[in-house]
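Welcome! Take a moment to look at the structure before reading on.

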Amino acid sequence: MAADGSVIIEIQGDDAGFKDKLSGLGSIASTAMKGVTAAVTAATTAVTGMAAAAIKVGSGFESSMSQVAATMGITNEELANGSESFDILQQAAKDAGATTAFSASQAADALNYLALAGYDAQTAADTLPAVLNLAAAGSMDLAYASDLATDAMSALGIE
């Protein structure tokens with residue numbers, strides 16, 4: 001006992017094992033953080049890639065529909081004011097993209113060939129399903145199928 005009445009206890013021991021375990025925990029935590037970082041990076045890359053793909057698909061469709069509008073003679077002013085003809089064509093292309101193996105952009109390309117053949121918006125939209133069937137049956141792209149269909153119909157005098 002010390003002179004002031006306190007008790008002093010001296011403990012001696014080997015704390016090397018304890019320190020080794022603590023440093024091991026740091027290593028495990030570091031490895032785990034590297035794994036989490038890699039997972040977050042991979043997820044971010046995937047989401048970015050999907051967003052880029054979606055933008056590319058959307059811009060491809062818009063480009064195809066712009067070509068259809070130009071071929072049909074639909075002006076920018078008509079588009080800005082809400083062209084019924086353009087709405088019919090755009091909906092037909094979207095419906096074809098949603099219900100068939102073909103994309104909306106491919107359907108828009110087919111509509112452009114129908115427009116080149118002189119079809120109005122409603123006739124082109126009404127003819128598109130037959131072109132889709134021809135393309136699927138012949139394992140050909142829609143633009144080519146629509147070109148074949150319009151050429152054959154023209155040659156036979158069918159409207």
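At roughly what angle do the axes of helix H4 and H5 cross? In this predicted model, the answer is roughly 120°, with the two axes coming within 10 Å. Helix H5 also meets helix H6, and the points below take each pair in turn.

**Helix H4 with helix H5**

- Helix H4 covers residues 104-116, while helix H5 covers residues 121-138.
- Angles from 65 to 115 degrees count as roughly perpendicular. The axes of H4 and H5 cross at roughly 120°, and that makes H4 oblique to H5.
- The crossing of H4 and H5 is right-handed.
- On the H4 side, the contact is made by Ala-107, Ala-110, Leu-111 and Leu-114. Their partners in H5 are Ala-124, Ala-125, Thr-127, Leu-128 and Val-131.
- Sorted by type, the residues of this contact between H4 and H5 are 8 nonpolar and 1 polar, with no charged ones.

**Helix H5 with helix H6**

- Helix H6 spans residues 142-156, and its axis comes within 8 Å of the axis of H5.
- These two axes cross at roughly 115°, so H5 and H6 are roughly perpendicular to each other.
- H5 and H6 pass each other in a right-handed crossing.
- From H5, the residues Val-131, Leu-132, Leu-134 and Ala-135 take part in the contact.
- The contact of H5 with H6 has 7 nonpolar residues, 1 polar residue and no charged residues.

Key: Residues numbered from 1 in each chain as written. Predicted model: local features only at pLDDT ≥ 70, side-chain atom pairs only at ≥ 80, totals over all residues. Heavy atoms only, no water. Axes fitted to C-alpha atoms, helices over the stretch in contact; angles between N-to-C directions. Helix = DSSP H or I, 4+ residues; strand = E, 2+ residues; numbered from the N terminus. Parallel < 35°, antiparallel > 145°, perpendicular 65-115°, else oblique. Left-handed = near helix turned anticlockwise from the far one by under 90°. Contact = heavy atoms within 4.5 Å. Nonpolar A, V, L, I, M, F, W, Y, C, P; charged D, E, K, R; others polar.
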